[in-house]
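Hi everyone, thanks for coming. I'd like to walk you through one structure today, so please have a look at the screen.

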Amino acid sequence: MMDNALILIIEDEPEIAEIIETYFVREGFRTITASDGPTGLSHHSRLKPDLMILDVKLPGQDGFEVLAAVRRRGDTPVIMVTALAEDLDKLQALRIGADDYVVKPFNPQEVVARAKAVLRRTTRRGTFQPIRIGPLTVDMEAHTATLEGAKGATVLELTRTEFRLLAHMAASPNRVFERSELVDACLPESDALDRTVDSHVSNLRRKLSAVGAGRLLTGVRGVGYKMSATHE
Ligand code: CA
């Protein structure tokens, strides 16, 4: 299972970005979009996406420059989107570290299929190692959140949105997430409001509290929420 993976789409043509996003969301992925390189790179550092769909022709900084910047930071899988044969030549010649590429016009279903294939490969690189935070283990592959307690392990019964919120915050312990960020990353299929996040988080916290782990998830007044193993 990889359907909670966060896909960052960097594409300056809104219609194309929307089509790609729609197909990923339909398959249960989380998505975030950016229409230029600097915004995309900022999302990349804040949200640590599992995979990027990166257009070559972007205003200002082009896709190759964005890719180079991403590669300096780590090995986030990248699928390049190109319209031109010369870009393909460049991709092949430079071998600058894209994991795959698709050519416009493309079938969005194929983009999702390629992304799944890349994610399967990179899973073996360890992208989907279970996240541990205090007594809690979040396994993105198995789609489970398990709490170790005195009486053994308890698997939490979470809704899809609750699991997404938990996994998203647990991946960056101690980082405070604003509600709007959580809406973007975890509730992409709806026009959710901040208070919708509050309600999901409150249900999630109730479930954690029921197994004695309510302290893992805390609200930060006026800002948002965070997960941490230690509490102040
Ligand atoms: Ca473009």
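Let me start with a question: how many of the 11 residues of H6 are buried? The answer is 10, so H6 is largely enclosed by the rest of the structure. If you want to find them on the screen, the buried residues of H6 include Phe163, Leu165, Leu166 and Met169, and Glu162, Arg164 and His168 are also among them.

Before I go further, please keep in mind that this is a predicted model.

Now the overall picture. We have a chain of 232 residues, and 47% of them are buried. The chain is built from 8 helices and 12 strands. If you take the contacts between residues at least 6 apart in sequence, 60% of them join residues at least 24 apart.

On to the inside. A bit of background first: in soluble globular proteins, nonpolar side chains tend to be buried together. Here the largest nonpolar core holds 48 residues, and Leu136 and Val138 are the ones that touch the most other members. Helix H6, residues 160-170, gives this core its largest share, 6 residues. Both domain 1 (6-125) and domain 2 (131-227) put at least three residues each into this core. There is also a second, separate core of 18 residues, with Ile7, Phe29, Ile53 and Val118 among its members.

Let's zoom in on leucine 136. Leu166 is one of the buried residues of H6.

Next stop, the metal. Which residues coordinate the calcium ion? They are Asp12 and Asp55, each through OD, and Lys57 through O, at 2.1 to 2.3 Å. Along the sequence, these donor residues follow the spacing D-x42-D-x1-K. Aspartate 55 has a relative accessible area of 2%, so it counts as buried. Lysine 57, with 48% relative accessibility, counts as partly exposed.

The side chain of lysine 104 makes a polar contact of 3.2 Å with the side chain of aspartate 55. Lysine 104 also has a side-chain polar contact with glutamate 11, again given as 3.2 Å. Where is this lysine 104? In the loop between strand S5 (100-103) and H5. Is lysine 104 buried or exposed? Its relative accessible area is 16%, and the cut-off for buried is under 20%, so lysine 104 is buried. Beyond residues up to four places away in sequence, lysine 104 touches Glu13, Ile16, Val81, Thr82 and Ala83, among others.

Last one, arginine 114. You will find it in helix H5, which covers residues 108-124. With 25% relative accessibility, arginine 114 counts as partly exposed. The side chain of arginine 114 has a polar contact of 2.6 Å with the side chain of glutamate 110. Setting aside neighbours within four places in sequence, arginine 114 is in contact with Ile79, Asp100, Tyr101 and Val102. Aspartate 100 is 14 residues from arginine 114 along the chain, and their C-alpha atoms are separated by 7.6 Å.

Conventions:
Residues are numbered from 1 along each chain as its sequence is written. This is a predicted model: local features need pLDDT of at least 70, side-chain atom pairs count only at pLDDT 80 or more; totals for chains, interfaces and linings use all residues. Side-chain values use heavy atoms; hydrogens and water are left out. Helices (H or I, at least four residues) and strands (E, at least two) are DSSP runs, numbered from the N terminus. Buried means under 20% relative accessible area, exposed over 50%, partly exposed in between (1.4 Å probe, protein chains only). Contact means heavy atoms within 4.5 Å. A polar contact is a pair of N or O atoms within 3.5 Å; within protein, one must be able to donate a hydrogen and the other to accept it, and residues adjacent in sequence count only if both atoms are side-chain atoms. Donors are N, O and S atoms within 2.8 Å of the metal (3.2 Å for Na, K and Ca); water is not among the atoms, so sites may look incomplete. A nonpolar core is a set of buried Ala, Val, Leu, Ile, Met, Phe, Trp, Tyr and Cys residues joined through side-chain atoms within 4.5 Å. Domain bounds come from an automatic or database domain assignment.
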